[in-house]
Number of protein chains: 2
Amino acid sequence: MKLGVFDSGIGGLTVVKSLLEHELFEEIVYFGDTARVPYGIKDKNTIIRYAIEAVEFFKNFELDLIIVACNTVSAYALDEMRETSTCPVIGVVESGVLAAVNKLHDKNADILIIGTKATVNSKAYEKALNSLSYYNIQAKATGLFVPLVEEEIYSGEILQATFKHYFHDTKVPHAIILGCTHFPLISGELQNYFGEDTILIHSGDAIVEHLEKEFIFSKKYKEPNLKFFASENPEALRNIAKKWLGL
Amino acid sequence: MKLGVFDSGIGGLTVVKSLLEHELFEEIVYFGDTARVPYGIKDKNTIIRYAIEAVEFFKNFELDLIIVACNTVSAYALDEMRETSTCPVIGVVESGVLAAVNKLHDKNADILIIGTKATVNSKAYEKALNSLSYYNIQAKATGLFVPLVEEEIYSGEILQATFKHYFHDTKVPHAIILGCTHFPLISGELQNYFGEDTILIHSGDAIVEHLEKEFIFSKKYKEPNLKFFASENPEALRNIAKKWLGL
């Protein structure tokens, strides 16, 4: 199977990392819209316009599936992408919800969703969880985590102060959905902050779980064909891909 | 005189504020490229392309002057804007340098430039200061200040930790050039951190100083005609303009 992975920037590489670990695809074409990142502060119509452009770009590759690694795009533009695409399109929001539900079982569990302002405002995670009878949901826009991760601040005083800023009045939840692909890079610190009993849901792992349920993968691809595209500064994407994916 | 003010987003409103306080213009047309903000992480060619588009937009207004409030655009795209524009174009970098030199006198003064990654990488401030024989210059990309200000974090623990992160090994300078229009909103805290002897150079004040030297303003305009345009989410721009400019 040939897969396209779309993200607003570099964050989707955390999803690619999970996909590579599971050796599911023969070819992965990654497109990061680095010229227009971040999407998380943009409005709905702009996000939809950019997402449709990404689908058009992927039409050059005869793909079997597109994964939307960006939570903001998954929250706002999935229907519009599906209308335009000639192959199936899967988003991280639905996968994250399914993974949370699989791990929690108890419908009274407290779930905390963290993401960009746009993702949180969309209420996409809440709506999906409510439809499965989960109602104890809090959502918090924790937008500062994105520039922190992009400055390679994965621990230390600024991050701890930022946790306090966002979470000082937050009850320790049973699960946290990491509703932004940048957040796995600070998941260790988040786990320490909230304690070991809180389950963290990671988009990359959630997507793999979802795919293995929906599709039959008869072969393993240890060395898939990887193609990376960026709408600007491809060198930066290459460097980060090397670092994060250990290529 | 009719003025255009261009910024990548909302930050340029701090420049408009200084202009309004001095009552210099009959009309001010502000354009913030809010759909594509921030520019400070983009590459040179993208910044130039967007800047030229802004000049084309301003051609609808028969302007006498364009001020580039964005340091990143001033650092990278001023020549290209001047080639395209039918009226003069002034950038905050040259104004900031002139203001610093006017206040410092001593060519051995230590000057610290802070700005986005793109502004610092351009070395635009250093080059201009070197050409005036100022050589004791340090530049530091302090990109996190932008999202902090946009989250309305103007003081407190995160900001102090961020100061420490960026400046723990920085010698107290004679002057700091605030090389990003967001930074005036944390200038009080910066002044406290570095102490009262350090001179802070603010783009808005620097532009006014520069204009009053270059042009003759024979009339005062207490209630100029103000027009604000945003490439997305004009409501957000309107709300912040009301708050920051006290309209």
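**Close-up views of a predicted model**

**View 1. Contacts of A:Val68 in the predicted model.** A:Val68 touches A:Phe6, A:Val73, A:Ser74, A:Leu78, A:Met81, A:Val89, A:Gly91 and A:Val92, leaving aside residues up to four places away in sequence. A:Val68 and B:Val68 have the most contacts inside the largest nonpolar core. That core holds 160 residues. In soluble globular proteins, nonpolar side chains tend to be buried together.

**View 2. The open five-stranded sheet of chain B.** The strand order is S4-S3-S1-S2-S9, and the pairing is parallel. Strands S4 (89-91) and S9 (225-230) of chain B are at the edges. Each has a single partner strand, so one side of each lacks a neighbour in the sheet. On average, neighbouring strands of this sheet are turned by 20 degrees against each other, direction ignored.

**View 3. Strands S1 and S2 of chain B, with helix H1 of chain B packed on the sheet.** S1 (residues 2-7) and S2 (residues 27-32) of chain B run parallel and are joined by six bridges. B:Gly4 has B:Val29 in S2(B) as its bridge partner. Helix H1 (residues 13-21) of chain B touches S1, S2 and strand S3 (65-68) of chain B. The direction of H1 makes about 175 degrees with that of S2(B).

**View 4. Helix H12 of chain A and the residue just after it.** H12 (residues 234-245) of chain A has twelve residues. From first C-alpha to last, H12 reaches 16 Å, close to the 16 Å expected at 1.5 Å a residue. Just after H12(A), A:Gly246 takes a positive phi of about 60 degrees.

Conventions: Residues are numbered from 1 along each chain as its sequence is written. Chains are lettered from A and ligands numbered from 1 in the order in which they are written. This is a predicted model: local features need pLDDT of at least 70, side-chain atom pairs count only at pLDDT 80 or more; totals for chains, interfaces and linings use all residues. Helices (H or I, at least four residues) and strands (E, at least two) are DSSP runs, numbered from the N terminus. The expected span of a helix is 1.5 Å times one less than its number of residues. Two strands pair if DSSP finds at least two bridges between them. Axes are lines fitted to C-alpha atoms, for helices over the stretch in contact, and angles run from 0 to 180 degrees between N-to-C directions. Two residues are in contact if their C-beta atoms, placed from the backbone, lie within 7 Å. A nonpolar core is a set of buried Ala, Val, Leu, Ile, Met, Phe, Trp, Tyr and Cys residues joined through C-beta atoms within 7 Å. A residue is buried if 20 or more other C-beta atoms lie within 10 Å of its own, exposed if 12 or fewer, and partly exposed in between; C-beta atoms are placed from the backbone.
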